[in-house]
Amino acid sequence: MSLNQNSFISLVKYPILTEKTIQLLQSNQYSFAVDKKANKVSIKAAIEELFDVKVVSVNTSMRPLKRRRVGKFIGSKPRHKRAIVTLAPENSITFFEEN
């Protein structure tokens, strides 16, 4: 599968930083919101190309649909696909700059 740099950027949307995902950083696992149509192979290729790291495994999950009500209108929050990427022990991704 040949993808260019722009398609990699559109495939991986943003990192997910919650209490649980920050604890996963200790075991060298990083969490990203990705495109709903992305598969594990393309996610692995995108992370390796964008961050110049070696990916060992990729786990994906679709977040559950959340219903919201505003007055008499009932709708739903947008869904996203979450990818938890495990890196090789010698690799890491820096989200925060240390001074």
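This is a predicted model: local features need pLDDT of at least 70, side-chain atom pairs count only at pLDDT 80 or more; totals for chains, interfaces and linings use all residues.
Residues are numbered from 1 along each chain as its sequence is written, and side-chain values use heavy atoms, with hydrogens and water left out. Local features need pLDDT of at least 70 and side-chain atom pairs count only at pLDDT 80 or more, whereas totals for chains, interfaces and linings use all residues.

Strands are DSSP runs (E, at least two residues) numbered from the N terminus, and two strands pair if DSSP finds at least two bridges between them. Strand β2 (residues 29–34) is joined by 3 bridges to strand β1 (residues 12–15), the two running antiparallel, and Pro-15 stands opposite Phe-32 of β2. Strand β2 also pairs with strand β6 (residues 81–87) in the antiparallel sense over 6 bridges, with Tyr-30 opposite Val-85 of β6. Of the 6 residues in β2, 5 are buried (under 20% relative accessible area, 1.4 Å probe, protein chains only).

Strands β4 (residues 67–70) and β5 (residues 73–76) run antiparallel and are joined by 4 bridges, Arg-69 having Ile-74 in β5 as its bridge partner. The two strands β4 and β5 form a hairpin with 2 residues between them, and Gly-71 in the turn has a positive phi of about 65 degrees.

In the loop between β3 (55–62) and β4 lies Lys-66, which is partly exposed, with a relative accessible area of 45% (the partly exposed class lies between the buried limit and the exposed one, over 50%).
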